[in-house]
Protein chains: 2
Amino acid sequence: MPPITNRKLVEVCYSPGQYHLYQEDFDIVVVIDVLRATSAITTALHCGVESIIPVSSVDEALEYKKKGFIVGAERDGRVVEGFDFGNSPYAYMDPTMQGKTVVLTTTNGTKAIQIASERKTVVIGCLNNLDILCSWLAEQHKNTLILASGWKDKVNLEDTICGGAIADILIESRKFQCVEDSTVAAKFMYRSARQHLWSFLRASSHRRRLIKLNIQRDVKYCLTANTVPCIPILENGALVKLQYEPKEWLTAESLAH
Amino acid sequence: MPPITNRKLVEVCYSPGQYHLYQEDFDIVVVIDVLRATSAITTALHCGVESIIPVSSVDEALEYKKKGFIVGAERDGRVVEGFDFGNSPYAYMDPTMQGKTVVLTTTNGTKAIQIASERKTVVIGCLNNLDILCSWLAEQHKNTLILASGWKDKVNLEDTICGGAIADILIESRKFQCVEDSTVAAKFMYRSARQHLWSFLRASSHRRRLIKLNIQRDVKYCLTANTVPCIPILENGALVKLQYEPKEWLTAESLAH
């Protein structure tokens with residue numbers, strides 16, 4: 001397929017470790033960590049948290065804690081010792097967090113946000129904010145890279161499927177195209193999965209990891225599309241809620257809830 | 001799924017650039033470059049070429065040429081200037097090559113063979129030798145890593161699907177299991193594609209690249225399963241034909257030809 005004039009690129013990169021291979025000039029990077037960092041961040045800002053400062057290391061998070069910040073820290077699916085919460089979306093619905101700044105470090109998600117932050121525009125994606133995010137991306141109409149957080153630099157199913165959903169919706173709008181096989185494969189994964197997301201992801205290694213941690217409720221929450229009409233955007237090192245109402249909604253043809 | 005005793009691991013790694021992430025102790029590495037290096041290598045040894053020395057760089061290939069070796073060199077889908085052939089399987093059916101040693105360098109495939117060569121056993125896979133290879137791997141019953149050559153360290157569709165086919169057949173035999181999402185995703189890709197491989201791969205970036213080079217006949221050849229009952233194995237730095245007759249054939253449930 002030769003490039004079609006006026007279509008912008010949308011591509012899916014499977015993990016931060018492959019980010020350097022996607023060197024084309026993308027204007028917008030969408031960071032995804034469905035289980036659970038970006039679902040939690042989106043939920044937090046929707047529920048009234050003022051801003052979230054993503055940090056890469058637990059040490060950095062500890063420094064903020066000493067200064068009196070509310071700080072969440074997760075590694076390998078668990079709350080890090082010495083912190084009150086990790087990346088469960090439910091933790092961020094707490095009304096006492098409203099209007100506050102929260103600092104967060106997670107195994108994969110905050111690392112992906114950090115490496116993407118050199119780009120002009122970094123926004124946060126998850127299944128929870130799928131349609132509003134796609135509507136906004138289509139309105140922007142710029143070259144868009146979807147950066148999946150993966151699992152320790154390997155691909156994971158849930159982020160690939162979410163990335164494939166965004167790419168599929170944007171390409172179906174005929175305003176975007178893709179040229180990378182990673183994107184084509186992610187689209188196929190999404191199309192295979194969308195009618196039965198929950199059972200499809202039974203096979204996911206990360207879901208198995210989370211089941212061991214007894215957080216089925218979180219997993220169900222994170223795998224439910226379009227429950228949180230909020231787009232987090234990175235501004236001066238902190239994620240805040242983008243003020244946005246879609247002029248025209250872009251939605252997937254069909255998607256299991 | 002908890003690990004099942006006696007089952008060996010089979011995993012798919014999407015590109016040489018991710019090989020370091022698959023650190024578990026694999027006994028066998030299967031290198032795949034469907035379009036076209038491993039299809040050509042398998043064809044060559046089946047058609048009577050004595051052995052193939054894979055080298056990484058064009059300079060190294062030139063050194064061999066000066067010494068009088070038959071040398072193939074491909075970069076970006078084209079025969080490198082100064083060489084007589086690249087990685088078209090048809091080039092290796094030439095009867096004058098029978099009993100000879102051939103030196104080969106390609107964009108992705110020979111690099112993957114090089115990085116895998118530290119392992120005890122390296123064999124060559126493609127769609128052309130799918131069933132005989134799976135039969136042999138099942139008989140060995142060892143932890144097996146399928147290393148896709150990809151395209152310049154990115155994932156590609158045809159290698160992922162071929163890797164997914166091998167993993168699927170081995171797991172269906174109930175002698176193997178996988179724990180990585182990369183393998184689960186490759187299996188799904190294969191199952192989506194197997195009834196209509198040719199049209200599925202229409203979307204592949206590499207196939208588009210090859211179509212531009214007018215080598216449709218090669219592509220059709222490489223995408224046809226089970227035409228070449230030959231397993232190339234790396235021995236002392238050279239690929240030779242493994243002497244093997246399956247005791248019991250393992251085959252895919254169904255596969256488009």
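**Figure 1. Strands S10 and S11 of chain A pair as an antiparallel hairpin in this predicted model.** Strand S10 (residues 232-235) and strand S11 (residues 238-241) of chain A are joined by four bridges and run antiparallel; two strands are taken to pair if DSSP finds at least two bridges between them, and strands (E, at least two residues) and helices (H or I, at least four residues) are DSSP runs numbered from the N terminus. A:Pro232 stands opposite A:Lys241 in S11(A). Two residues separate the strands of the hairpin, and A:Asn236, in the loop between S10 and S11 of chain A, has a phi near 50 degrees, a positive value in a residue other than glycine. Residues are numbered from 1 along each chain as its sequence is written, and chains are lettered from A and ligands numbered from 1 in the order in which they are written. Because the model is predicted, local features need pLDDT of at least 70 and side-chain atom pairs count only at pLDDT 80 or more, whereas totals for chains, interfaces and linings use all residues.

**Figure 2. Chain A meets chain B through a contact that takes 21 residues from each chain.** Residues are in contact if their C-beta atoms, placed from the backbone, lie within 7 Å. On the side of chain A that touches chain B, the elements giving two or more residues are helix H5 (157-172), helix H6 (181-193) and helix H8 (205-212) of chain A, and H6(A) gives the most, with seven residues. By class, this side of chain A has 10 nonpolar, six polar and five charged residues, where Ala, Val, Leu, Ile, Met, Phe, Trp, Tyr, Cys and Pro count as nonpolar, Asp, Glu, Lys and Arg as charged, and the others, Gly among them, as polar.

**Figure 3. Helix H4 (residues 130-140) of chain B is largely enclosed by the rest of the structure.** Eight of the 11 residues of H4(B) are buried, among them B:Leu130, B:Cys134 and B:Trp136. The buried residues of H4(B) pack against strand S2 (28-32), strand S7 (121-125), strand S8 (144-148) and helix H5 (157-172) of chain B. Just after H4(B), B:His141 takes a positive phi of about 55 degrees.

**Figure 4. A cis peptide bond links A:Leu35 to A:Arg36, and another links B:Leu35 to B:Arg36.** In chain A, the bond has an omega near 5 degrees, and A:Arg36 has its place in the loop between strand S2 (28-32) and helix H1 (37-46) of that chain. In chain B, omega is likewise near 5 degrees, and B:Arg36 is found in the loop between S2 and helix H1 (37-46) of chain B.

**Figure 5. B:Asp153 has a positive phi although it is not a glycine.** The phi of B:Asp153 is about 75 degrees, and this residue is found in the loop between S8 and H5 of chain B. With 17 other C-beta atoms within 10 Å, B:Asp153 is partly exposed.

Notes: Two residues are in contact if their C-beta atoms, placed from the backbone, lie within 7 Å. A residue is buried if 20 or more other C-beta atoms lie within 10 Å of its own, exposed if 12 or fewer, and partly exposed in between; C-beta atoms are placed from the backbone.
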